[in-house]
Amino acid sequence: MAKRGTRAGGWEFDLAAVRTYLGAELPVDSQEESAAPLKSKPEGRAPIDARTPFAEPKFTVVPPAGVEPVVHSGEQTARQRRDLVQAEILEDKLRRDRGELVQVEVMRQVLNTMLAHLGKGLDRLSDQVVERCRLPEEYADQIRVVTDDLRRTMVDELRVLLG
């Protein structure tokens, strides 16, 4: 840096040093153009021109597919962490009020009650089907086998879902 400025401006940089720092080579045409202002200043400094394009970065770091970007939570202040936790609490309360979230124990009780009633209904189903369809009694055992298979499948799937 040739001269430190203020918020209002006045910054001056050594253009060659900046380009070297950025790792960019000057294009052939612009070497002649940039040489003129450097000669006019005795110290070899030129003010930064906003119209001068900087070279594109030579490489970028792209994380592999499926990898989340790194979050530097250690750099957050205590206030930022508190604000984040308070925002999450408010979001959870709003979701609960909208019916998007339910309490685990209440949901387990409702499911257990529902499964008990469903089980009783499945127990009676074979006799009801035989009676209403006026089928021979031997069909009741075959219907029981089918409903018991359905019950086992349902219980196995619920165990997986409920953990």
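The side chains of Arg151 and Asp123 meet in a salt bridge, with N and O 2.7 Å apart; the term denotes a side-chain nitrogen of Lys or Arg within 4 Å of a carboxyl oxygen of Asp or Glu. Arg151 belongs to helix H5 and Asp123 to helix H4, so the pair ties together parts that are 28 residues apart in sequence. Arg151 is partly exposed at a relative accessible area of 21%, and Asp123 is partly exposed at 45%. Here buried means under 20% relative accessible area, exposed means over 50%, and partly exposed lies in between, with a 1.4 Å probe and protein chains only.

This is a predicted model, in which local features need pLDDT of at least 70 and side-chain atom pairs count only at pLDDT 80 or more, while totals for chains, interfaces and linings use all residues. Residues are numbered from 1 along each chain as its sequence is written, and side-chain values use heavy atoms, with hydrogens and water left out.

A salt bridge also joins Arg144 and Asp127, whose closest N and O atoms are 3.0 Å apart. This pair links distant parts of the chain, with Arg144 in helix H5 and Asp127 in helix H4, 17 residues apart. Both partners are partly exposed: Arg144 has a relative accessible area of 29%, and Asp127 has 40% relative accessibility. Salt bridges with shared partners join Asp123, Asp148 and Arg151 into one network. Elsewhere, Asp83 and Arg82 form a salt bridge at 3.1 Å from N to O; Asp83 is partly exposed at 35%, as is Arg82 at 43%. The count of salt bridges comes to 10. Side chains of opposite charge can pair when their charged atoms come close.

Helix H4 itself covers residues 104–133, and its 30 residues should span 44 Å at 1.5 Å a residue, which agrees with the 42 Å between its end C-alpha atoms. The expected span is 1.5 Å times one less than the number of residues. H4 has a kink of about 40°, centred on Leu125; the bend at a residue is the angle between axes fitted to the seven residues ending there and the seven starting there. Leu111, Gly119, Leu122, Ser126 and Val130 are the buried residues of H4, and they pack against helix H5 (138–162), a contact meaning heavy atoms within 4.5 Å.

In the loop between H4 and H5 lies Arg134. Its phi is positive, about 55°, although Arg134 is not a glycine. Most residues other than glycine have a negative phi. Arg134 is exposed, with a relative accessible area of 76%.

Helix H1 (residues 15–22) has Leu15, Val18 and Arg19 as buried residues. These cover an arc of only 95° around the axis, which puts them on the same side of H1; the arc is that of the directions from the helix axis to the C-beta atoms. An α-helix has 3.6 residues a turn, so residues three or four places apart point the same way. Exposed residues Thr20 and Tyr21 sit on the face turned away from the buried side of H1. After H1 comes Gly23, with a positive phi near 75°.

The protein as a whole has five helices and two strands, in the order β-α-α-β-α-α-α from the N terminus. Helices (H or I, at least four residues) and strands (E, at least two) are DSSP runs, numbered from the N terminus. Of the 163 residues, 12% are buried.
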